[in-house]
Amino acid sequence: MEASVKKFAEEKLTKYLEINNLRKTAERYAILEEIYSNSGHFTIESMYENIMKNNYRVSTGTLYNNMRLFVKLGLVVKHVFKGNKSQYENAHNTVKHDHLVCTECGRMEEFPYTEVQETLNDISSKRGFTMENHILYLHGICRECKIKAEKKNSDKTKKTN
Ligand SMILES: [Zn+2]
Ligand SMILES: [Zn+2]
């Protein structure tokens, strides 16, 4: 990941901590650094393991608190997919893709941001808005669930005939 992206995230955090008179602990920055070194989806548990592997000691409570703060600041995106543990990813990562989420089985599929980029840019610029990042979910029925449902229906009609 480009250094400028990490720097942008750090500056955003610093600004918030200063405005709200919160302590600029090394822990917070270490967690943010770890998140921004990770390019995929992760859970709190896997993040905790990574941080421990890097010989950095933080409690899970500290990790949860900071994740909540990062989500609030738009630095981290939290995904809640049906039947799965909450997944997270750094906000810069989500800029590159969006999500199709199945409301039946909870399966999550990603598609490239380039497919919707133009539309979102148009919406923003028309309103004089400067988009830093975005989160887009398409909720619905995935291909597999649709096939399953169609099969069930055709089985039913066969039986009644
Ligand atoms: Zn994602
Ligand atoms: Zn499904």
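Start by selecting Leu75: leaving aside residues up to four places away in sequence, Leu75 touches Ala9, Lys12, Leu13, Leu32, Phe70, Asn90 and Ala91. Touching, or being in contact, here requires C-beta atoms, placed from the backbone, to lie within 7 Å. You are looking at a predicted model, in which local features need pLDDT of at least 70 and side-chain atom pairs count only at pLDDT 80 or more, while totals for chains, interfaces and linings use all residues. Residues are numbered from 1 along each chain as its sequence is written, and chains are lettered from A and ligands numbered from 1 in the order in which they are written.

Helices (H or I, at least four residues) and strands (E, at least two) are DSSP runs, numbered from the N terminus.

**Helix α2 and its cover**

Next, show the side chains of Arg28, Ile31, Leu32, Glu34, Ile35 and Tyr36, the buried residues of α2. Buried means 20 or more other C-beta atoms within 10 Å of the residue's own, exposed means 12 or fewer, and partly exposed lies in between, with C-beta atoms placed from the backbone. The cover over these α2 residues includes α1, α3, α4, β1 and β2 (87–90).

Two packed helices are described by the angle between their axes and the distance between the axes. Axes are lines fitted to C-alpha atoms, for helices over the stretch in contact, and angles run from 0 to 180 degrees between N-to-C directions.

Select α2 (residues 26–36) with α4 (residues 60–72): they pack at about 70°, with axes 10 Å apart. That angle makes α2 roughly perpendicular to α4; the classes are roughly parallel under 35 degrees, roughly antiparallel over 145, roughly perpendicular from 65 to 115, and oblique for the rest. At this contact, Glu27, Arg28, Ile31, Leu32 and Ile35 of α2 meet Thr62, Leu63, Asn66 and Phe70 of α4.

Which loop holds Asn38? Look between α2 and α3. Asn38 is partly exposed, with 17 other C-beta atoms within 10 Å. Draw a C-alpha to C-alpha distance from Asn38 to Asn90 and you get 7.6 Å, although the two are 52 residues apart in sequence.

Move to Asn21, in the loop between α1 and α2. Asn21 has a positive phi of about 55° although it is not a glycine, and is exposed, with 6 other C-beta atoms within 10 Å.

Finish at Met131, in the loop between α6 (117–126) and β5 (137–140). Met131 is exposed, with 12 other C-beta atoms within 10 Å. Not counting residues up to four places away in sequence, Met131 touches Leu120 and Ser124.

Note on methods
Contact = placed C-beta atoms within 7 Å.
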